[in-house]
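This briefing goes through one structure topic by topic. Please look at the sequence and the structure first, then read the points below.

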Amino acid sequence: MKPIETVPKPQSPLREALAVFFGNWAATIGLIILLVVFLGSILGPYLYGVSPKETVNAPFLPPMADPSSPLGTDYIGRDVLAGILNGGSATIMIGATAALVAVVIGITIGSISGYYGGLTDTLLMRFTEFFQVLPALLFVMVLMTLFAPSIHTTIIGIGLVMWPPTARLARAEFMKLKTMDYVRAEKAMGARDRRIIWQVILPNALPPLIAAAALVIGVSILFEAGLSFLGLGDPNIRSWGEMIGANRDYIFDCPWAVFFPGIAIFLTVLGVSLVGDGLNDAMNPRFRER
Amino acid sequence: MKQKLLFSAGLVVCVVILNFFLIRMAPGDPAITLAGQAGGADEETLAHIRKIYGLDKPIWNQFFVYVGKMLTGDLGTSYFYNLPVRDLILERVFPTVLLVVSSLLISMGIGTFMGVLAAHQPRGLLSYFVTFFSLGGYSLPTFWLGQMLLLAFAWYWPIFPIGGMQGFRVEGFLPQVADVAMHLVLPAISLGLAFMAQYSRVARASMLEVLGSDFIRTARAKGARESSVLFVHGLRNAILPVITLAGLQLGQILSGAVLVETVFDWPGLGRLAVDSIFRRDYPSIMGILFASAVVVAVINILTDVVYRWADPRLRSGGGH
């Protein structure tokens, strides 16, 4: 005999979160923008086989003037469209890796601070505050000059200045979660601190941290663009910021070589921020009712 | 207040320590690093640097010599200009502070104003604009925005000057002030817009909260005009989180200033930092990091004073 179903089948949390995410038009638009950016950066270089680094046409060619360079050329005749399609992967890769470094540092410091509290917390939070008000760009500029500019220096440098907001958030989550019954039960069973921090609390603290990480990626992309604009990125890599920086002195002669890469950065960061906001709403039950 | 002062002093000391260790961690001889010039310094200069920084003494000794020098304002010598770094920096502090403070005023003023109006009609057009603007403004690269403003309002429509801080041959005090103000408009807007976007969002959120409280109902009940309810009774409370956020973001604003100064050829600290990097002028760039920490510390204390002035609850409590 079959049991009669009286209780509605509970929806899985993942499905519920997805429903909230896609019910949010801004988040959906953000995701579409990101998909376009990703596809363009992955497939673009193959579909549009023009070299981004070499002179392929006359310099200062406006967009649409020559069908072989639809977005025009820069001051030494490099194709702007090729630069945009090829520069995306470097920009996104550096931004995402730097954000990962920042999130790992932030979660480590924030979790220790929030879990132990007391003097440890006070000291670590002062340290965090110090990094938060430090003029980050100047600090990274010092790093880049003392240690030769390379893709690794860029990533580590950005990671070193981007972690404070994640640390504060992780701390808040840990302070909230450490008083939960399941954590207390684990403690009563004699679990060591390391286990409680990494295996009990962290998995439960992750959803808001993931949403925040998306925002860190956005800021890191902007930061990388700023560094490359100043000419402090890896000189062998074409990125959107590097394109803008390279054409900085020729902005009145070929504004398009500055305009289009900027639009690409803007759209990517906007997409990341919209998705991050959407994730935040989807993963944070407190915001669901709104 | 005491806490704020301690924190500000701590910030400055931390940057000094950071600088010291960065010089030691850099590959190669610290004397060469301190001399700058990409290792092109002559033996006499190097010997002189070793002597004045005590580089032949134990490391803790070097540390105290370095900290002592920094805190008494001796930031070393820029071998590029052959001038003390302190003098170079003092020349550049005013333009940077002028730029940073005017963008702060623009972004806090307009941002809060927009946020308050948006909160007045949470489902209104302006409210949606604020939500959209805060995300968009946040995603714009500051330097690119500056370049676009430059293209539009200095080149295509030549309303504002293309760069620099002063024009040539402007005589008299008032014309000079007006001239600097004209030069300031585009850089200040470029630097301030991203922050304005964030402040409008924060002000809208806090104002929405404030508008539900009892004293607003009281104000309305006694027949106060809506504009007075919003801008006299409400604004005071809505602006507090904006001030807090602005205080936390001072470092970011200075970072933005480095980029904006580069775009507009603004003769400030950021410009000097970028130039020093390409000249491998390490004493200057480390001195600028130090000076920027001092600027952040001082403005941080000032925001605290403004906060106390804006929040009467803290004023009566004394708090010294």
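Is the crossing of α7(B) and α11(B) left-handed or right-handed? In this predicted model, the two helices cross in a right-handed way.

- Chain A holds 11 helices and 0 strands.
- Read from the N terminus, the elements of chain A run α-α-α-α-α-α-α-α-α-α-α.
- Chain B holds 14 helices and 2 strands.
- The C-alpha trace of chain A spans about 75 × 60 × 30 Å along its principal axes.
- For chain B, the C-alpha trace spans about 80 × 50 × 40 Å along its principal axes.
- Chain A has 290 residues, and 46% of them are buried.
- Chain B has 320 residues, of which 42% count as buried.
- In chain A, 71% of the contacts with a separation of 6 or more are between residues 24 or more positions apart.
- In chain B, residues at least 24 apart make up 72% of the contacts between residues at least 6 apart in sequence.

**Where the chains touch**

- Chain B gives 36 residues to the contact, and chain A gives 32 residues.
- On the side of chain B that touches chain A, the elements giving two or more residues are α1 (2-25), α6 (125-139), α7 (142-156), α11 (250-264), α12 (269-278) and α13 (282-310) of chain B.
- The residues on that side of chain B are 26 nonpolar, 9 polar and 1 charged.

**The largest nonpolar core**

- The largest nonpolar core contains 160 residues.
- The residues with the most contacts inside this core are A:Val140, A:Met141, A:Val216, B:Ala273 and B:Leu289.
- Helix α9 (residues 193-229) of chain A supplies the largest share of the core, 18 residues.
- Leaving aside residues up to four places away in sequence, B:Ala273 touches A:Leu138 and A:Met141 in chain A, and B:Val258, B:Ile285 and B:Ile288 in chain B.

**Helices α7(B) and α11(B)**

- The axes of α7(B) and α11(B) are 9 Å apart, and the packing angle is about 30°.
- Because of that angle, α7(B) is roughly parallel to α11(B).
- From α7(B), the residues B:Thr142, B:Phe143, B:Gly146, B:Gln147 and B:Leu150 take part in the contact; from α11(B), they meet B:Gly256, B:Leu259, B:Val260, B:Thr262, B:Val263 and B:Phe264.
- This contact of α7(B) with α11(B) has 6 nonpolar, 5 polar and no charged residues.

**Helices α2(A) and α3(A)**

- The helices α2(A) and α3(A) pack at an angle of about 125°, and their axes are 8 Å apart.
- Because of that angle, α2(A) is oblique to α3(A).
- The crossing in which α2(A) passes α3(A) is left-handed.
- In this contact, A:Val37, A:Gly40, A:Ser41, A:Gly44 and A:Pro45 of α2(A) meet A:Leu85, A:Asn86, A:Gly88, A:Ser89 and A:Ile92 of α3(A).
- The residues of the contact between α2(A) and α3(A) are 4 nonpolar, 6 polar and no charged.

**Two residues with positive phi**

- A:Phe60 is not a glycine, yet its phi is positive, at about 60°.
- The loop between α2 (25-47) and α3 (80-116) of chain A holds A:Phe60.
- A:Phe60 counts as partly exposed because 17 other C-beta atoms lie within 10 Å.
- B:Asp265, also a residue other than glycine, has a positive phi near 55°.
- B:Asp265 lies in the loop between α11 and α12 of chain B.
- B:Asp265 counts as partly exposed because 14 other C-beta atoms lie within 10 Å.

**An exposed phenylalanine**

- Which helix of chain B holds B:Phe132? B:Phe132 belongs to helix α6 of chain B.
- B:Phe132 is exposed, because 12 other C-beta atoms lie within 10 Å.
- B:Phe132 and B:Leu117 are 15 residues apart along the chain, and their C-alpha atoms are separated by 15 Å.

Methods: Residues are numbered from 1 along each chain as its sequence is written. Chains are lettered from A and ligands numbered from 1 in the order in which they are written. This is a predicted model: local features need pLDDT of at least 70, side-chain atom pairs count only at pLDDT 80 or more; totals for chains, interfaces and linings use all residues. Two residues are in contact if their C-beta atoms, placed from the backbone, lie within 7 Å. Helices (H or I, at least four residues) and strands (E, at least two) are DSSP runs, numbered from the N terminus. Ala, Val, Leu, Ile, Met, Phe, Trp, Tyr, Cys and Pro count as nonpolar, Asp, Glu, Lys and Arg as charged, and the others, Gly among them, as polar. Axes are lines fitted to C-alpha atoms, for helices over the stretch in contact, and angles run from 0 to 180 degrees between N-to-C directions. Angles under 35 degrees count as roughly parallel, over 145 as roughly antiparallel, 65 to 115 as roughly perpendicular and the rest as oblique. A crossing is left-handed if the near helix is turned anticlockwise from the far one by less than a right angle, and right-handed if clockwise. A residue is buried if 20 or more other C-beta atoms lie within 10 Å of its own, exposed if 12 or fewer, and partly exposed in between; C-beta atoms are placed from the backbone. A nonpolar core is a set of buried Ala, Val, Leu, Ile, Met, Phe, Trp, Tyr and Cys residues joined through C-beta atoms within 7 Å.
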